[in-house]
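Please keep the structure in view while reading the points.

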Amino acid sequence: MHAASGNPLGSSRPRQEGPTDLRLVPPALAAWATAALTLGASPGWTIGVVAVCLIVAGGLLVTGRNRERVVSHRDRSEADRMRGEPDRSHSGSGRMRAGPERSHGELGRGSGGSDGGRGERDWDRVDPERGYAEPHRSHGEPGRWRGESDRGRGDLDRGRGDSDRRRAQPGRNRAAPERGHGESDCSRAKPERSHSEPVRNRAEQDRNRAAPEAHRARRLLLWRTWPKASVAAVLLCVAAAAASGGLHGADLRRGPVPELARQYTEVTADVEVTSDPRLTRPRIRGAHAAPTAVLLNAEVRRIEQPDGTVTATRTPVLVIVTVGSGSGDGAVAGPDSGKAQRSPWLSLLPSTEVRVAARVVPELGDGGRVAAVLRVQGSGPPRVVGEPSGAQRFAGELRAGLRAATEGLEPDARALLPGLVVGDTSRIPPELDEAFKATDLTHLLAVSGANFTILLALLIGPPGLAQRAERRGLAPRLGIPLRATAVLGGALSLGFVIVCRPDPSVLRAAACGSIALLAIATGRRRSLIPALATAVLLLVLYDPWLSRSYGFLLSVLATGALLTLAPRWSAALQRRRVPPRLAEALAAAGAAQAVCAPVVVVLSARVSLVAVPCNLLAEFAVAPATVLGFMTLATALWAMPVAKALAWCASWPAGWIADIARTGAAVPGAGVDWPDSWAGALLLACVTVVLVLVGRRLLWHPWLSAACGLLLLLVLVQPAPLTRVITGWPPPGWRFAMCDVGQGDAMVLAAGDGAGVVVDAGPDPVLVDRCLRTLGITRIPLVVLTHFHADHVAGLAGVLRGRSVGAIETTDFEEPLDQAEFVHRQAAARRIPVTRAVAGERRRTGALDWRVLWPPPRPAPTPEGPNDSSVALFVRSAGLTLLLLGDLEPPAQQALLRSPAGAALGGVDVLKVAHHGSAYQDPELIRRAAPRLALISAGADNPYGHPAPSTVAALRAGGATVLSTDEHGAMAVAGERDRLWVAGA
């Protein structure tokens, strides 16, 4: 394409490719499936597969080669006969097969008899290499092609000027009247010649004509034998994939590490780090958060067993280093939080070799890419025995400079920008991560082909001018020739892989990004399917573990959708008068979502209904954020003030993307629960096909399309009045609601229109946020955190998200310390005052009135634990009385009854049972409270046996109706003292 343009920068209007070549697709898919299967196969099976495939492929290739020799010999004999040379098929005769003298009317006739050479002309009508008809001119239409394909049309249009010049030459492409039976094709195309013309000229013409016919015969041979070659190619790719998968799978069984893991042996090992260190996300286990740990992928190079045996090996492992107590701080779930911030393990670079004392344990999962897990003993600094490579040190300096340049930005931009540029997601808080998952924007949090394409598009131009890309990029403006531009792009690609780490996901992004770059540079979408198949094949052979990666599958599916479905959908939308840019964006987002949704639902058990609009809105900010982020990365080492200015500019589009994710996730109907199985994926695929077919017809009916759009909008927004009418939740006049947040507490006291006092936040910010949204709570005068256990405070970020909060009230016993620090950080980040509850305190807002019963004021005996320091409240709401006991245990319950505040305690309408309904309850408190309704917040199938049968029996014996969230979900209490009723969500 470029060579024909005569310009070092290439043609401004490169031609389109012909029909899509799918010959590489079967080998790529076969290699993919084979690699996935042979990773866990035994060596015998792997060797057998490789041997069988090689033998069968070799047989097919030999058979095809023999057939080629036979047909080639026949072609040479026919060509010799036409040239009048000796017939080589009879080696001893030396006879000449000179045919009868021909007139000019028989010039094109061969040995086929009196049919005018039609048998030979059949070769002209099929081009086996291109797959469409060779030129066959019709009467009165010189230069036209019959049976042409798309590629033929493109070639003809491009060469129309040449055709005009040929028609102007004598004897070339001249229109002639319809020939008779005795006329040949050549007689119609040649000028009239005298019968006295020497035979020598006719023989020369015969020889010139025989050469292209012999060439066409060879191409016909290839066309006739292609199935054998294709099957052989598939078998060879299967053999290569089986060999690669078998070798990589053998790494997990090689050496002493697997056997030591089965024995839980303590060893000393030298390991080479192969990934960036990363922190575990905060996880709640009962009342406590799991300890924070650093995870590293590594390879064991040397291992010393307890008996002194030293073995050199090369086994992939996962290293887990506990660095501190858990923290529920979703806002800084990374190296910036707590003790993890000071851990030297987080500063390790890939290729660094460290010596660790660890216990070898079996892998937690099944079928993973590590042979064992090394649990490092102690949280001291790592002992480095081998420095990282120079390339990794330089990449680490670049990444550190980017983090330093983004340090002073807003929290969302500070967390998101490193992820957009180099895939550094260590600063992404859990609630933002969940928002990106809910809106299917997670591909932006990791390095993807889109980032790579945007970066390299600076060299060749914007995607909107794909057919003239060489003319509009930075390279032609700087006078860089096309070949030098390609070399520069390759160097930039290599640097991209090094800075973002050569992990499988980065390699996948570089390959798929290169495909998108090829589309921008050439505008030949239809020829990119072979390129995609080649990328898949090479990557699977290089790293067979990609064949089992969901991320790799999603990347390939999305790229394939952009290359196949998106152009067709865009053209269809443009035919319906949709603006071209909008049509392209809609088609790209819709095609990727339609193809990837069945796989995503297997991972998340949820179908996002806001994915397409959120991706459309975020698309406008991705390019500027990425470009400015890379400029920040490039300038941070030598001009930090410039880098900080660029980072500030990049924070605007990055913040926009974060806002889109949070807003989309906050939509009440953002997603629909779906079965997380492959059967569910197949069902979703069928539903998607039906919706696409129906949608094509709806586009022809504007009013019906508008009605469907309005219905979808109502499903997404779910207006409170409409939702209340349809679902009955929340019930009218509700006074108290208990949210279903799993094993934890989260309650709401109604305090007016859209307002409520929140008591505890539960363990999950997503669940409590969803509960408050369904209740319509937008304003919170007070958040009461009864105590600092994680199942009561870890969801605080979800309570504060997008709502006006007046104050936070807590107990004065700040244990566990990490959870107390988390609460104070959350409050300080939003400038919310924090106060301490003391017995005797009384507050009122609207029709809501409450008194604090516990804890007692200081000085007071030190409680035995956080549970006994829980804030207990006595609440009045429109005639109803409620007693909320937090997690008080029997010693504190008895002390409460003896206190002045508890002495006046009488019967109540609603009792929130202490400590999730555990068996540790004071019978006297239950008898004194005498509740009509007892509510228990407990998680389904929790390991603690909550609620305890003995507690439920004691409450029912006192005349109470007992309901729990593990059986009934979220519940809301409404009514008055003489009429009390409960509604479930």
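The model is predicted. A search of the whole structure finds one disulfide and 28 salt bridges. The largest nonpolar core has 36 residues.

**Nonpolar cores**

- Within the largest core, the residues with the most contacts are Val422, Phe496, Val536, Phe552 and Leu633.
- Helix α17, residues 528-542, contributes nine residues to this core, the most of any element.
- Setting aside its neighbours within four places in sequence, Val536 is in contact with Ala28, Trp32, Phe552 and Val556.

**An eight-stranded sheet**

- Eight strands make up an open sheet with mixed pairing, in the order β19-β18-β16-β14-β13-β12-β27-β28.
- Strands β19 (834-836) and β28 (979-984) are the edges, and each pairs on one side only.
- On average, neighbouring strands of the sheet are turned by 20 degrees against each other, direction ignored.
- Inside the sheet, β14 (residues 756-759) and β16 (residues 783-785) pair in the parallel sense over two bridges.
- Val759 has Val784, in β16, as its bridge partner.

**Cysteines**

- The disulfide is formed by Cys739 and Cys771, with sulfur atoms 2.0 Å apart.
- The link of Cys739 and Cys771 is left-handed, with -75 degrees about the S-S bond.
- This pair links distant parts of the chain, 32 residues apart: Cys739 is in the loop between β12 (734-738) and β13 (747-750), while Cys771 is in helix α25 (residues 765-775).
- Cys739 has a relative accessibility of 1% and so counts as buried.
- Cys771, at 8%, also counts as buried.
- Cys53 likewise has 8% relative accessibility and counts as buried.
- Cys708 has a relative accessible area of 35%, so it is partly exposed.

**Salt bridges**

- Arg359 and Glu266 meet through their side chains in a salt bridge, at 2.6 Å from N to O.
- The two lie 93 residues apart and link distant parts of the chain, with Arg359 in strand β7 (residues 353-361) and Glu266 in strand β1 (residues 266-273).
- Arg359 is partly exposed at 32% relative accessibility, and Glu266 is partly exposed at 39%.
- Arg606 and Asp673 form another salt bridge between side chains, at 2.8 Å from N to O.
- That pair also links distant parts of the chain, 67 residues apart: Arg606 belongs to strand β10 (residues 606-608) and Asp673 to strand β11 (residues 671-673).
- Arg606 counts as partly exposed at 29% relative accessibility, whereas Asp673 counts as exposed at 59%.
- In the salt bridge of Asp909 with Arg932, the closest N and O atoms are 3.1 Å apart.
- Both partners sit in loops, 23 residues apart: Asp909 between α30 (900-903) and β24 (910-912), and Arg932 between α31 (923-929) and β25 (933-936).
- Asp909 is buried, with a relative accessible area of 1%, whereas Arg932 is partly exposed, with 34%.

Technical notes
Residues numbered from 1 in each chain as written. Predicted model: local features only at pLDDT ≥ 70, side-chain atom pairs only at ≥ 80, totals over all residues. Heavy atoms only, no water. Core = buried A, V, L, I, M, F, W, Y, C linked by side-chain atoms within 4.5 Å. Buried < 20%, exposed > 50% of the residue type's maximum accessible area, 1.4 Å probe, protein only. Helix = DSSP H or I, 4+ residues; strand = E, 2+ residues; numbered from the N terminus. Contact = heavy atoms within 4.5 Å. Pairing = 2+ DSSP bridges. Axes fitted to C-alpha atoms, helices over the stretch in contact; angles between N-to-C directions. Disulfide = S-S within 2.5 Å. Salt bridge = Lys/Arg side-chain N within 4 Å of Asp/Glu carboxyl O.
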